[in-house]
Amino acid sequence: MSGPHRLYQWLLRLYPRAFRERYGAQMVQTFADLDRERGAAGQSSFLFLTGVFAETGASIVKENIDMLSITARQLRLAAFASLALLAVPLILTFANPASRLRGEAGGEGFDWMPGSFVVMGAMLFAAALGVQWAARRLTTRTSRSVAIAAIVAIFGLAWVELAVDGVSQIVGLLAFASKVSGVIPALPLA
Amino acid sequence: MATSPLTPSVLHILLALAEEERHGYGIMKQVQKDSEGSVKMGPGTLYGALSRLTKSGLIKESESRVDPALDDQRRIYYRLTAEGRGVLSAELKRYRNVVAIGRQRQPSTMVAGI
């Protein structure tokens with residue numbers, strides 16, 4: 001394979017992955033056809049390469065912009081999913097007669113503060129985007145599963161920490177246990 | 001896409017596929033021939049258009065893989081779908097209407113035989 005062909009193949013890597021996988025090989029073949037035609041006609045190699053590379057470059061920009069519009073749809077999906085999930089605590093909070101939207105129901109059902117809805121909404125939105133990113137970008141099932149499990153775990157830990165300082169309490173307990181038993185090396189967060 | 005005018009590139013791609021299945025380079029050459037060189041498209045424009053036309057259901061990849069002349073099984077052929085044929089017919093009808101209006105309003109500027 002000649003230098004220009006390799007360079008053209010490299011250029012195609014700038015296309016969105018889905019487009020490249022579907023049309024990359026065909027484009028390389030068409031490039032070779034056009035180059036062969038140019039050679040037979042005795043035309044300038046420089047002009048041909050400049051023209052094709054510029055045209056393909058413009059197409060790369062267009063296809064990447066098109067891909068961003070897909071991301072905009074995914075943003076809407078993430079927002080919709082977050083709002084749908086937020087509707088559950090919202091309904092439960094308003095359905096709770098003890099609720100004053102101050103988080104003071106004392107364990108008597110849901111009583112979220114307005115700020116809690118904002119924080120939870122942001123966390124849900126970020127998690128939904130992360131899951132979509134993993135599902136779209138990662139190529140193997142294992143990597144997708146690990147990434148999605150990690151996102152869900154981080155979401156859960158953040159929720160537990162914000163709700164009841166759960167993570168801090170667990171870390172404190174581990175530190176205390178290590179100090180008492182002397183078996184586990186002391187944790188810095190005592 | 002079915003209701004708005006087609007871009008020159010898309011119209012010529014559909015026209016190129018109206019007669020027979022073609023692969024990318026074959027489409028390019030046919031478009032060049034049909035437009036007498038006025039519509040030139042490189043690989044980026046061509047495959048971007050093929051991608052959009054495939055997504056909108058106007059064309060599809062054919063089962064055929066072998067070009068009898070080149071005997072290259074890697075080539076992927078495209079063909080018009082029934083919907084694509086309908087869109088092309090509607091677009092050509094739109095052009096005929098435009099030409100008819102032009103004939104009525106400026107008969108002296110119209111080329112005989114159109």
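A:Leu7, A:Trp10 and A:Leu14 make up a nonpolar patch on the surface, and their accessible area together is about 320 Å². Patches consist of residues with over 30% relative accessible area and no salt bridge; like charges are joined within 9 Å, and nonpolar side chains (Val, Leu, Ile, Met, Phe, Trp, Tyr) within 5 Å. A salt bridge is a side-chain nitrogen of Lys or Arg within 4 Å of a carboxyl oxygen of Asp or Glu. Accessible areas come from the Shrake-Rupley method with a 1.4 Å probe; for residues, only the protein chains shown count as cover.

The model is predicted: local features need pLDDT of at least 70, side-chain atom pairs count only at pLDDT 80 or more, and totals for chains, interfaces and linings use all residues. Residues are numbered from 1 along each chain as its sequence is written, chains are lettered from A and ligands numbered from 1 in the order in which they are written, and side-chain values use heavy atoms, with hydrogens and water left out.

A:Leu7 sits in helix α1 of chain A. Helices (H or I, at least four residues) and strands (E, at least two) are DSSP runs, numbered from the N terminus. With a relative accessible area of 48%, A:Leu7 is partly exposed. Buried means under 20% relative accessible area, exposed over 50%, and partly exposed in between (1.4 Å probe, protein chains only).

Chain A holds six helices and zero strands. Its elements run α-α-α-α-α-α from the N terminus on. Of its 190 residues, 28% are buried. The accessible surface of chain A is about 12100 Å², and 71% of this belongs to carbon and sulfur atoms. Among contacts in chain A with a separation of 6 or more, 46% come from residues 24 or more positions apart. Contact means heavy atoms within 4.5 Å.

Chain B has four helices and three strands. Along the sequence, the pattern of chain B is α-β-α-α-β-β-α. Chain B has 114 residues, of which 42% are buried. Of the contacts in chain B between residues at least 6 apart in sequence, 51% join residues at least 24 apart.

The largest nonpolar core contains 40 residues. B:Ile13, B:Leu14, B:Ile27 and B:Tyr78 have the most contacts inside it. Both chains contribute: α1 (3-12), α2 (17-41) and α3 (45-95) of chain A, and α1 (8-19), α2 (24-34), α3 (43-55), β3 (77-80) and α4 (82-105) of chain B, each supply at least two residues of this core. Apart from it lies another core of eight residues, including A:Trp112, A:Met120, A:Leu124 and A:Ala127. A nonpolar core is a set of buried Ala, Val, Leu, Ile, Met, Phe, Trp, Tyr and Cys residues joined through side-chain atoms within 4.5 Å.

A:Glu63 belongs to helix α3 of chain A. Its relative accessibility is 7%, so A:Glu63 counts as buried. Leaving aside neighbours within four places in sequence, A:Glu63 contacts A:Tyr15, A:Pro16, A:Phe19, B:Gly48 and B:Arg52. The side chains of A:Glu63 and B:Arg52 are joined by a polar contact of 2.9 Å. A polar contact is a pair of N or O atoms within 3.5 Å; within protein, one must be able to donate a hydrogen and the other to accept it, and residues adjacent in sequence count only if both atoms are side-chain atoms.

A:Gln132 lies in helix α4 (residues 114-137) of chain A. A:Gln132 is buried, at 16% relative accessible area. Its side chain reaches the backbone oxygen of A:Gln74 at 3.0 Å.
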